[in-house]
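Please keep the sequence and the 3D view open while reading.

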Amino acid sequence: MGTASIASRLGQVRSKLGTSPPLMHLALALAGLVMVIVVLESTSQFRNGQFAAMAYLGIAAGGLTMLTGLNGQLSLGHGALMAIGAYTAALLLPDADAGTPVVLVLLAAILVTTVIGGLIGVAAARLHGPYIAGATLALAVAVPGIALYFGETLGGEQGLTVSLPEIPGWFADVVYFVSAHDVTGSKYVAYIGWLSLIVTYVLLANLSRSRVGRKWRAVRDDEVSAEIAGINLARTRVVAFVVSAACAGLAGAVMAIAVRITAPSGFTLTLSLSLLTAVVLGGLGSLGGALIGAALLTFLPQLVTGLGHDAGLSDLQAAELAPLVYGLTLVLVILLAPAGIVGSLRTWQARRVPSKPTSEQQLGVQSGGKK
Amino acid sequence: MLDIRDLTTSYGPVKALDGVTFTAPKGKITAVLGANGAGKTTLLRTVSGLIRPDRGSTHLDGQDLARMPAEKMPGLGLAHVPEGRGVITELTVEENLRLGALGRADRSRPADIDRVYSMFPVLNDRRNAVAHVLSGGERQMLVIGRALMAEPRVLLLDEPSLGLAPRIVVQIFELIKSLAESDGLTVVLVEQNARSALSIADIGVVLNLGRLVAHDEATALAADEKLRHAYLGF
Amino acid sequence: MQQFLTTSLTGLTLGMVYAAFALALVLIWRSTRIVNFAQAPMAMITTYVALVVVDAGMSYWIGFAAALLSGLILGAVTERVVIRPVEGKPEINAVILTLGLFVLLHALAAVIFGSRYRSFPAPFGLRGFQVGDMTVALTGFGIFTIVSVVVVMLLLVVLFRYTDLGLMMRASAFNQEVARLLGVKVGRMLTLGWALAALVGSLSGLLIAGGSLVHPSYMDSVVVYGFVAAVLGGLDSPGGAVIGGLILGISLSFVSGYVGSELVALAALVVLMAVLLLKPGGLFSHATARRV
């Protein structure tokens, strides 16, 4: 076959896929899976651990970017929701003899967080802007305290240790078949994380393209019109919150398995704000952006701390450089590129194709200043 | 007097004002008329500095107001009572009026608040009432009084009759007329209610889609049936 | 009885501090329609400024003044440089911006001043008075706290109600365009609003720090409590902020004393949700939301 006909074949395939978003997502997922296998098999145990972190941060960020980007609800409490998922997992995997299947652990975490997320979502559905930010901020500050109060069951300050779920025999065999290596604990966790992420992202991507996703956007953009169109505002918001909470719960469970401990100190306000940073940087509403944000959160601190050491800062000071960069980035992104990295790229691309905005749009934008 | 030359303002690709030129003479009322979206409010907002024009100029008694920000206008003798009146409902009547005086050019003499109270006795009765409780007509009087506290030479009024009972509209319009005559105030009156506006105005200017389509004595405009039907709705 | 009294008095003193912080939030909300979550680390940084001054050998009061002055400057600069670009834009931008500032200032303080816990001096006694055989839990510093907050509030009332400047600030907060047309330099009023708010925030930072430990996160829970207090009173109401602060301070003190100090933040969350679900405008609101 000549290159021309291969190209035209590929073009046909792409256009076939392009007409059906779920198929395209599935194709991307498979491609992603292949890449994950390649990367995890060819990197060290330490790196595998890092990739596991990137996975669970990516899951949480994915849920958050859907909530904030598509539905317009800001949440500073997703760290707390991760904590709920993590503690659920920890309670189900207390010691090596527990033997709870990992899928059950993850599902349980999702279930618990979904229920609690539903309660919070109902309360938050009527809030907007600074109110929901403040309320979820209060949540983020309050949840660690609960873990401390119920110290006997939840381990108090020290937290609970989490045992690694048993690696299934078939899994070890498949891995050996693919890479001729034995599967380590870190690698297993990384696979758990990435498989969960791929499944989650496919579901979220399909959701975004579906009627439900359009409803979310409608509620975000214009409440009054949405309500007139028959959309139940409160229910839409609660569903959106619950979905993102489920993601956070799953992420928390994976984190518990990866870090092998859940303690209040792991779920500080910093975690929630870091998730927000990842999501803003990547562009609200973009799953690809959420993944980029998660990557930055995972790999940037090491890089930045290293630079700090070279510049002569002490250990403690250098450790603070990562949050410094997060804060600075958030500020600069809002001031310079409010659409985030991915959004700015999209706008830049769009600008290359000039289009005339309607006069109504322009009038709406320009007559600002009216209160 | 207010001299407007070739004033052009755009919102993106849309020209809300296109080369508008006319003079509002001193001591007279110039009515600016036209349908919704004709550019009347945009005209006032451009003159008072809330919007920057693309080109053109505004001169107040010979002084160039080009590119001046809105905050400077009262000090230069121009007062703008915006669309919707702009009553600060949290403040009392007296506080609203005192606020108006803060922008005036000559701060050496105390502000003449009593004059406004004598012009609008109903405000005098409600000096310390929070402006929130005033009726529509009372609010209109308040904002006109507040604008006068700045001792302006030019008064821009955006749809003062909006939402008011006809009887009150008559009252307010008569008041505006007497102000123009007694103080030599240059009044630019934007109105949807063209018939009433023309009854007190000396000069009429008609805008359509941002362009000036008629500029004549008020009586002449009121008599021109074709014009009235085409642009003024009566 | 002793515990009840102690809890109430502690709550009152703490409530005054929350009231001050809530007042700072309300001042900024009224003028720019932004909740300044970064007020906490801003206050923390000005307290560190005071600490640096005191460490250099100068008296507490010079440190106190330095903190208040740096608060004024920090507030003014923040509004002019960082916040001005997002005023009037979608509110989510401002929220993320203030959160970014929150994180940034935190980290900056840790890098410059270090993260370890430092003790902060108190200018007045920290022990309660003896009345008969009871110890009244009102310390010298507690009285100072109450008095200083009351003084600052009275000064603000005088400013807003009886001066031309206050009139201009109130007008700017109500409707920027109308204020501009009346000759008010709205931009300057907003900057001044933020500067004053930061001053009040700095005061609460100093009052919390007095006789206690200071570290970069020490004001974080205060922003939550200040926010809850402000919402309780109504974000538009300065008087409401004060009363909200007192109510919250006393309630939380009772939770801490009789239930457990770990659940105080949860209690604040419960109060917040109760207010937002039952009377969203706060106890002193006038406006009702427009419903379709």
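Leu266(C) lies in helix α11 of chain C; helices here are DSSP runs of H or I with at least four residues, strands are DSSP runs of E with at least two, and both are numbered from the N terminus. This is a predicted model, in which local features need pLDDT of at least 70 and side-chain atom pairs count only at pLDDT 80 or more, while totals for chains, interfaces and linings use all residues. Residues are numbered from 1 along each chain as its sequence is written, and chains are lettered from A and ligands numbered from 1 in the order in which they are written.

**Leu266(C)**

- Leu266(C) is buried, because 21 other C-beta atoms lie within 10 Å (buried means 20 or more such atoms within 10 Å, exposed 12 or fewer, partly exposed in between, with C-beta atoms placed from the backbone).
- Apart from neighbours within four places in sequence, Leu266(C) is in contact with Ala142(A), Gly145(A) and Ile146(A) (contact means C-beta atoms, placed from the backbone, within 7 Å).
- Leu252(C) is 14 residues from Leu266(C) in sequence, and their C-alpha atoms are 9.8 Å apart.

**Helices α10(C) and α11(C)**

- The axes of α10(C) (residues 238–258) and α11(C) come within 9 Å and cross at roughly 135°; axes are lines fitted to C-alpha atoms, for helices over the stretch in contact, and angles run from 0 to 180 degrees between N-to-C directions.
- That angle makes α10(C) oblique to α11(C), since angles under 35 degrees count as roughly parallel, over 145 as roughly antiparallel, 65 to 115 as roughly perpendicular and the rest as oblique.
- From α10(C), Leu248(C), Ser251(C), Leu252(C), Val255(C) and Ser256(C) meet Val264(C), Ala267(C), Ala268(C) and Val271(C) of α11(C).

**Chain C against chain A**

- In all, 44 residues of chain C are in contact with 42 residues of chain A.
- Two or more residues on this side of chain C come from each of α4 (91–113), α7 (176–181), α9 (220–233) and α11 (264–278).
- The most come from α4(C), with 16 residues.

**Strand β3(B)**

- In β3(B) (residues 29–33), 5 of 5 residues are buried.
- Ile29(B), Ala31(B) and Leu33(B) are on one side, and Thr30(B) and Val32(B) on the other.
- β3(B) pairs in the parallel sense with β8(B) (residues 186–190) over 4 bridges, where pairing takes at least two DSSP bridges.
- Within that pairing, Thr30(B) stands opposite Val188(B).
- β3(B) is also joined by 4 bridges to β9(B) (residues 203–208), running parallel, and Val32(B) stands opposite Val205(B).

Definitions and conventions: Contact = placed C-beta atoms within 7 Å.
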